[in-house]
Structure formats: structure tokens, C-alpha cells
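Hi,

Here is the structure I promised to pass on.

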Number of protein chains: 2
Amino acid sequence: MKQIHVGLLGCGTVGTGVARLLINNRDLLRARVGADLNLKRVADIDTETDRGVAFDPGVLVSDAGQVLNDPEIQIVVEMIGGEGIAKEFIHQAIQKGKHVVTANKALLAGKGNELIRAARKAGVELAYEASVGGCMPIIKTLRESLVGNRIHAMTGILNGTCNYILTKITDEGSAFESALAEAQAEGFAEADPTLDVEGYDTAHKLAIINALAYGMEINLSDIYVEGITGITPEDIDFAREFRYKVKLLAIGKDKGDRVEARVHPTMIRDSNPLFNVGENLNAVTISADAVGEMMLYGYGAGMMPTGSAVVGDIVDIARNILTGAGSRLPLLSYQPDAIRKIPVMPVEEIETNYYFRFAAADRPGVLSTIAGILGKFGISIASVHQKGRKIDGAVPIVMLTHRAREADVNKALAEINGLEAVSETPVLIRIEDENSD
Amino acid sequence: MKQIHVGLLGCGTVGTGVARLLINNRDLLRARVGADLNLKRVADIDTETDRGVAFDPGVLVSDAGQVLNDPEIQIVVEMIGGEGIAKEFIHQAIQKGKHVVTANKALLAGKGNELIRAARKAGVELAYEASVGGCMPIIKTLRESLVGNRIHAMTGILNGTCNYILTKITDEGSAFESALAEAQAEGFAEADPTLDVEGYDTAHKLAIINALAYGMEINLSDIYVEGITGITPEDIDFAREFRYKVKLLAIGKDKGDRVEARVHPTMIRDSNPLFNVGENLNAVTISADAVGEMMLYGYGAGMMPTGSAVVGDIVDIARNILTGAGSRLPLLSYQPDAIRKIPVMPVEEIETNYYFRFAAADRPGVLSTIAGILGKFGISIASVHQKGRKIDGAVPIVMLTHRAREADVNKALAEINGLEAVSETPVLIRIEDENSD
């Protein structure tokens, strides 16, 4: 039986998952692939910790060079993460003609175009299914299954930490801080949760799938990003009354000669299949001309789900090696000469429905003043709810709008914020539903 | 630019969808595939009907030979359906060294092993993503994305007609017959709905995915099949009170040296991601060692969703042709020599939770007699609900059980059915939840 040698750089959580699958399911992989995938070497600065994996002697080493310089190793799996040494090692592997598998979304979102050019030039694979949505086969679905479809829109819950926190606030009325502390205790959130809760991790993933769906270069810097740190139980309670939940969504839409690319807390209705995606689960809906709407759902992070996606990539490459298929798929879904620089629509130009909450003085005329300002900017109100009465004289006024333009919304809210009767900065949450795209 | 010629046999609903995608999205496919997919010839006995597709002159012909005997055509798409001439044409295409794409689940479930052997021998592809779950990439997910996973269980809503009917009964209290009539009026159900409502279509699909997941030959005949014609609004109402819905599920489970393979109406809890899959939508959950639980969701039938899956297969084959990859994937997910005949567990031996409804005389002692019989056969009752009082003296008694063995259940129900106080054959619906597998 033919053997294909794999080298692993970095044996942290996901790296350990990959090692575990390659070793524990080695017979299963043989039965399916028809070749033996041999995890020949694993390089990590920590060679002491017991990872619960039965490495053969000499497999676990501290020197990455023993992976990168081994001529037998044809597939290098980069599981270090971050944008520093990981990038350097990937470049080295590519230069040495090795195929690369990575789950490094931050690196791909930031430097993916450069890495893809290098891999293309060297005629090697750069596989990254595990970079978006963990075990959900979103890359494969976009690049292969939906190849005959014109993609119209994607909306995704792509960060398990944020989804866990929002689920806690929604189901248990927790405040953001205590929900975050729980997520950290459960191991779903990092000690420094900034990348997650500020929405950047979700933006990394959106940058990747937008490129695949629409045939554009990876463009992280133009994505509008807003995290979930400002979401209060109060707004989530109001959302519930309108049959909405608040989710941190990645939204990528085809708008003809531009795309939308934005990450922000979003209200979705119970008719949206993402509505019931709770806990630390991920899901992504894809609207396309042939399939209508479809959804993938699963664990978007973690040792084994992400490890599963990495092993899927390793096998794809192994099958190309075994059949001499070379680079069978274009690395970014479109052929290199068909990839364009498609501008991202500035968030000021998007049109959607909005939820506003104002803290207003409880006296006659305030509501009509606010409504008048919204009307002046062409923002049409779908419903108004004035909730309870507070002792200090401020009451929450909640409004849902019809479709409006963000630039007009910004102007109106600025003017409303300047009213003497309005005591707090107005809250704005965008709504995604049937008639908002 | 290289050109790959495709021939289509049968231009009914799905065939038309395939033609439409290949023609209307031809430029998009070029940009992604890097080659031109030319729908060179379409054979259908009806060459008159306007299908809303702009065929070039000479493309639409009535003679299948013009597809099968054209040496330029490398990929033949069989969209005729059924087990007669479709099988004959597929064999002819294979003998002529052409790759075949089909959505014909009845044929694959019944004769798939034979067709796969023929394709393997001839060294051609036999692709069938569209045979299960329409646009959901279930075949690709099992065969590629989850290649590193040991699959434990799959549960699927795989027939849109049944799901539409059950949704109507659930949401609107319709009787089965009127829900079926509505499905027919909406175009979701055939004039002869037997294949759908009796569960056979779902069984065809389960036979295919069980083979892929567990490395066994396709085995349709041992699948236990029960349709939805006996489902009443009354049982669905009781289900609701226990937070269950009734869905027609395909259930395929790994049980060590055997598999479960069964299709029947099943109660699922609102915590199950299939719970909210309504209307004519399909979904399948997959439990596996690495990914935990994941789900695919989308339209499982119809011109364009199914057409999308067929085009995905065409492109996969085209990419193999372009790169000389040959048969890159084993046709049944496992290598031929690793495929076993795994016995299907007889339904009498499954263990699950049950819902029973008895029509019992409204007099003292009946409930305790029934409970006593269940206890005698080792069936432990989780809850009992005696609902209202009816004028003719019979009242419904509803019971949910803990995990029990089907053989014991059958014996107990037979004895209960023999009681003078029980006026109708007891109703049994299996329950699928966290502790039933």
C-alpha cells in the first residue's frame, strides 16, 4: 500500500486533534483512501506535555526544520496560528514544493492573497477548509458543490464564543461580562477574548468565504466590523418581544459590481434557520440562484471538529498526489485570471431594517419629535413601543424601521442624540430578514 | 480554452434544470473550472415542449443514441429516472467509456452495486450527489469532508413531500388526505404519491448513504420501512404536548458488527436540529467521532436544487478529466476491498423510546391492566396521559416509554390489543432523542 507522509507544525489543541485522528483512525483512513497516511513528524516547542496521543519514538520533535526539510514529507500541516512564524513556515514549505494545510484564518484573511500566489507559482496546494466554520464543509460547498450557482448572499454565525455569550444573555438574562466569564470557564473563550467578541475573528472568516463566493481577492480591511460587547439583556428582551434574536452575523452579499461585507450584531426572526443555532454552534446560510437557500450547521471550533476538517484537506491532497491530479481546484474557487478586485460597499450605503432604542424623557411631544426627525431623513417606522416608566424620568422608546439607508440613519440618530430630552446615545441594531436584502 | 462535452439523457424537470444551469451559467462555470462545459446534445422523446431553455439548433434530439454514440461526449447525464431504460443507457454509457452522472436513487438503491462494479471495471466515474438530498452535499460530505471520522449515526428528513404533509398536519391540523391534496396542488407530490408517502423514496436514499457511511454494499431490501399514511392530527397534537414533532426520518446507525437502517414516522424533541425543518425542506444530521453532530439543510428536490447537485458532479468529473485524475474517489466512499456486507439489524431488535396511544374503555382498572402488561414485558413507562372523556366510552390513553426493545413492545401491544376494554389497534410511534440511541 502506498504511503503518504505528513508533517505537523504546532501541536496545540487543533494540532493534537489532527494527530489523534491520523493515528487513531489510521485503519479507517486506509480503507477509505487506499493509501497509508503516515504522520511522520510533529514539531512543537513543547515536547513534554502528555497530549494523550501515542506518538512513535522520534515523531514529536522541537525543531520545525525536521518537518520542513524532510524530503519524504509531502504535506505540511500548519497548526501554529497567528501571523508570525506560521507565515514564514508556510512560505518555506511552499518553496520546498510541499503542499500545505492550515486552519489559520487570521493569516489567510490578512496575507492569503500573497500565500495563494506563492502556492500557485510553486504548483502546490494550499488547503484551508478548517479556517472557516470548523467541521462545516463551507469551503468545499462553495468551491465544489455550488460551482454551478451564482451566489447571492451568505449569512453566518461563525464564532462559537460570541454565539455562546449571546445565547447565555438570551436564555438566562446574563449580562455580557458574566456570560463571557462563563464562556471562559467552559473553555469556549480565550483569556484575551478581543478577537472573538469584537468581531474580528468572524471578519477573518467572512473575508475568506466572500472571496470564494464572488470571485474576488481576499479583502479584510474593507469589512465593516462591530462586536457584541455593547449588547445588553434589555435589547435582547425587546428583540424577543418582536420574535427576534440577536446574533453576531457575518453578512456577505453580491450587489452587482460591489459586495457587502459586514460583521455586526443582527436581529433575525424565528423563520430564519439561524435563529435556533444556539450555544457555541456555528451555521451558515447560502442563497444562490439554483439551490435557493441552504444551510450548513455544526461545531465551528474545537480540537476534534477542526481536526476533522484538516484531515479532510489532507486526504484531498493525498488523493491528488495518488492520482497525479496536481492542483485540481483553483485555490480561490475561481481561476486566477477570473479573480477581480470587487469593491466592498461602504456600510453607510447599505440598506436594511433597523431596531432603535432611545432613552427619552417621559413627557409629551418627545416621541413625535423623534419620529419627525426620522421622517425628515426618509426613515419609515414599522412599529413603536414605549416601554414602562422609569423613576428618573427616562423611558425606553423602541422602534423598528422599514428598509432604510445607513447614511440617513446615522444622520437622524446624530440629530436625535442632540435632543435635550434624549439622555443616552441611541442604540442601533440592524435587522436581517426576508425584506431587508 | 479546453472544452468538455456533456450529453443529457432525459429532459424532464431536473434535466431541464441541468440544461438551464449549464447554458445560463456557462461563463460562470468557465471562470471557475477553467474549461468550457458544452452541453452538446440532449435526448428526450419530447422535442417539442418549450422548456424555457435556449438550445442551439441540433442539440435537442429524440434519439438517445446520438448521446451515447458521440465519441466527443465524455460525460453522460442520466435524467430519465426509473429502473428500466435508464439502467440500460447507463450500462451502455459505461461500456463506451463515458462517465455517468445520475440522480436516480431508485435505480442506485436497487441496482447500485451492479452499476458501481461495471463503472469500476470500465474505469469511469458514476456520480450521484443529486440522488440524496437534492442540493445538500451529503454524498460529498460523507465521502470527502468526514473521511477522517468514524460515523456513528445519521438521521435525515429526506423526502420533501412527506415533510410538507407532516408540516401541514402539524401547523394547520389538516388530515393526511387533505394535506396530500395540497402537496399535489403545490407540485410537491406526484399524482401517484406511493413512493413518497409510503417511505420507499426515503429508504432508497438511506440505502445509499448507509453504504457510504459504514463501508457496506448498498442494501435496500433489509431496510425497515413505514410510511406516514397512518399519522393522525390527534397523535401530532399529543406529540406537541410533550414538545415533540412527528417527522418521517431515515435512521442509519453503526451498531458495531451491524447497522440500523429504518424509515418511519418518528417523534423528535425541540432540541433536535431537525425539529424546525419544515415545509418541503430536507435536512440530515450526522454524528461522528470527530465532528460531534453536524447538519446539512436545504431543498431536497426540484428542478434547480437537484440540477445544482448534478452540475457539481459534472464539474468534479470535468476536473478529473482536465487533470488526468481518473477515478479519484472510490465510488462507494470505501476502497472496493474494504467494502463489507454488514447485516442490518432486524427492527424487532432495535431499542428506542416509544409513544403509544390506546383507545380504552373509560372504567376503573383498564390503565392498570395495560401498565401491567407493559411491565410484564419489561417496558418501563416514562409518563401516562389520559385525555378527556369520550361519549362512546373510549378514551385515549397516551404513554411514553423509557428505552425498550421492539420485540417486547410488539408482544405487549398484541396482548393489549386483545383486551376486551381496548377498542382500536394501539398506535405506536418511535421516539428519537438523546437517550434513545
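In chain A, 20 residues of domain 1 are in contact with 22 residues of domain 2 (contact here means that the C-beta atoms, placed from the backbone, lie within 7 Å). Helix H5 (residues 105–122) of chain A gives the most to the domain 1 side, with seven residues. Sorted by class, that side of domain 1 has 11 nonpolar, seven polar and two charged residues. For the classes, Ala, Val, Leu, Ile, Met, Phe, Trp, Tyr, Cys and Pro are nonpolar, Asp, Glu, Lys and Arg are charged, and the others, Gly among them, are polar.

Before you read on: this is a predicted model, where local features need pLDDT of at least 70 and side-chain atom pairs count only at pLDDT 80 or more, while totals for chains, interfaces and linings use all residues. Residues are numbered from 1 along each chain as its sequence is written, and chains are lettered from A and ligands numbered from 1 in the order in which they are written.

Back to the domains of chain A: domain 1 covers 3–135 + 303–338, domain 2 covers 138–299 and domain 3 covers 349–432 (the bounds come from an automatic or database domain assignment). The C-alpha centres of domains 1 and 2 of chain A are 27 Å apart.

Now the sheet. Chain A has an open sheet of six strands with parallel pairing, in the order S3-S2-S1-S4-S5-S6. Helices (H or I, at least four residues) and strands (E, at least two) are DSSP runs numbered from the N terminus, and two strands pair if DSSP finds at least two bridges between them. At the edges sit strand S3 (60–61) and strand S6 (126–127) of chain A, each pairing on one side only. Strands S4 (residues 73–78) and S5 (residues 99–102) of chain A run parallel over four bridges, and A:Val76 has A:Val100 in S5(A) as its bridge partner.

Finally, the two chains. 51 residues of chain B are in contact with 51 residues of chain A. H12(B) brings the largest share of the chain B side, 10 residues. That side of chain B divides into 26 nonpolar, 18 polar and seven charged residues.

Cheers

Definitions and conventions: Two residues are in contact if their C-beta atoms, placed from the backbone, lie within 7 Å.
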